[in-house]
Amino acid sequence: MSSTSNKKWFNGAIGTIILSLIAAIIYDYIKEQPILSTITTISNNIWRFIKNLFSVEIQLWLIISLLLLYKIIKWFYIKVQKSKIPELPENLKNYKADDFKNWKWKWDWKWDSNKAKWKIINLWPFCKKCDIELLDKSNFIQSAMKCPKCEQYFQESKIDDSKGVESMIYDNIQKGRI
Ligand SMILES: [Zn+2]
């Protein structure tokens, strides 16, 4: 080996050792310095923040906000729906009672926004003779209705089907019988 190549080898070895030393120092510095502990602190803080986010107070606050939001949306929805209700036609305004089979029937009209038409609600039978609301005397054995005034008693076979009455009311309107 020539002295020049010896020198090159020596320089290379020294260079490698110095570089290794610098790398070791940097590694130790990073290890010693609070970089990792800073990361740990940050992650701990993030975790604490997440935990706080789901704490009771935050949950309560969220629930209250959601409830308020629901109330506001509902209020707007009702307002919009109400503004859409058309006026009750004259023929329906006057047609809220009629006689069918055994009884007199009374009802109210309500706008059905889904079907965009007026529907019957609160349909209830009345005593034809006394014009009084019949009492439901049904039990788990049989269906029965009774007039509180004349005490006429209607058992199963004499009870009119309210669905059938409803159909007859709609039929009367459709065919212009009212
Ligand atoms: Zn009666």
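How many bridges join β2 to strand β3, and in which sense do they run? The two strands are joined by 8 bridges and run antiparallel. The model is a predicted one, in which local features need pLDDT of at least 70 and side-chain atom pairs count only at pLDDT 80 or more, while totals for chains, interfaces and linings use all residues. Residues are numbered from 1 along each chain as its sequence is written.

**Strands and hairpins**
- Strands here are DSSP runs of E with at least two residues, helices are runs of H or I with at least four residues, and both are numbered from the N terminus.
- Strands pair if DSSP finds at least two bridges between them, and β1 (residues 97–100) pairs with β2 (residues 103–112) in the antiparallel sense over 4 bridges.
- Asp 99 has Lys 104 in β2 as its bridge partner, and the β1–β2 hairpin leaves 2 residues between its strands, with Lys 101 in the turn at a positive phi of about 50 degrees.
- Asp 112 has Lys 117 in β3 as its bridge partner, and 4 residues lie between the strands of the β2–β3 hairpin, where Ala 116 in the turn has a positive phi of about 50 degrees.

**Tyr 153**
- Tyr 153, which lies in strand β6 (residues 153–155), is exposed because 11 other C-beta atoms lie within 10 Å, where exposed means 12 or fewer, buried 20 or more, and partly exposed in between, with C-beta atoms placed from the backbone.
- The C-alpha atoms of Tyr 153 and Leu 135, 18 residues apart along the chain, are separated by 9.6 Å.
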